[in-house]
Amino acid sequence: MGRDEASIRIIFFDGVCVMCNRFADFIIRHDKNRVFKIATLQGVKAQKFLSTHDVKDMSSLILFTDKEKYYATDAFVEICTHLSFPFSLGQYIKFLPKPWRDLLYYKLAKKRYQLFGKLKHCRIPSPDEKDRFLD
């Protein structure tokens, strides 16, 4: 099965993080081929799914495909490969050394609530988005 033929591509994100929600909105807008499903890490379905698929690190962006699990900047790179141009160019951060990009990612992640805010509840998908969300 080729990269574009994957049947499962689920993005798990922090549903109470304002920055993470904006990223989810961005993905919905620029995923022209509708290859991704999206789920909040706090959702019941997400918790059940991830616990049955041996996901141990639930502190970052996670992309789960039928072949592999991607975390943090690796997830970001893989997501960008499926977005419309020019956002697909984000995949080229993979050429930066992984320790550098992950260091920046985790520094931002650690301060994300202070910098961007925190919601009281996870987002509820609009009727137009409902089919894009796992839970």
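This is a predicted model: local features need pLDDT of at least 70, side-chain atom pairs count only at pLDDT 80 or more; totals for chains, interfaces and linings use all residues.
**The largest pocket.** Select Met-19, Cys-20, Phe-23, Leu-61 and Tyr-105. Of the 20 lining residues, these lie nearest the centre of the largest pocket. The space inside is about 470 Å³. Now colour α1 (18-30), α3 (72-80) and α4 (98-116); each gives the lining at least two residues. The largest share, five residues, comes from α4. By type, the lining has 14 nonpolar, four polar and two charged residues.

**Asp-31.** Move to the loop between α1 and β2 (37-40), where Asp-31 sits. Asp-31 has a relative accessibility of 2%, so it counts as buried. Show Arg-132 as well: its side chain makes a polar contact of 2.5 Å with that of Asp-31. Beyond neighbours within four places in sequence, Asp-31 also touches Phe-36, His-82 and Leu-83.

**Salt bridges.** The structure has six. Start with Arg-112 and Asp-14, whose closest N and O atoms are 2.8 Å apart. Arg-112 is in helix α4 and Asp-14 in the loop between β1 (9-13) and α1, 98 residues away in the chain. Both residues are buried.

Next, select Asp-74, Lys-98, Arg-101 and Asp-102, a network of salt bridges. Arg-101 pairs with Asp-74 at 3.1 Å between the closest N and O atoms. Arg-101 lies in α4 and Asp-74 in α3, so this pair ties together parts 27 residues apart in sequence. Arg-101 is buried at 10% relative accessible area, while Asp-74 is partly exposed at 26%.

Finish on Asp-102 and Lys-98, bridged at 2.6 Å, N to O. They are four residues apart in α4, so about one helical turn separates them. Asp-102 is buried at 14%; Lys-98 is partly exposed at 35%.

Key. Residues are numbered from 1 along each chain as its sequence is written. Side-chain values use heavy atoms; hydrogens and water are left out. On a 1 Å grid over the protein atoms alone, a cavity is a set of points where a 1.4 Å probe fits but cannot get out, and a pocket is an open set with protein on both sides within 12 Å along at least five of seven lines; lining residues have an atom within 4 Å of a point. Grid points are joined across faces, edges and corners, and a volume is the space filled by probe spheres set on the points. Ala, Val, Leu, Ile, Met, Phe, Trp, Tyr, Cys and Pro count as nonpolar, Asp, Glu, Lys and Arg as charged, and the others, Gly among them, as polar. Buried means under 20% relative accessible area, exposed over 50%, partly exposed in between (1.4 Å probe, protein chains only). A polar contact is a pair of N or O atoms within 3.5 Å; within protein, one must be able to donate a hydrogen and the other to accept it, and residues adjacent in sequence count only if both atoms are side-chain atoms. Contact means heavy atoms within 4.5 Å. A salt bridge is a side-chain nitrogen of Lys or Arg within 4 Å of a carboxyl oxygen of Asp or Glu.
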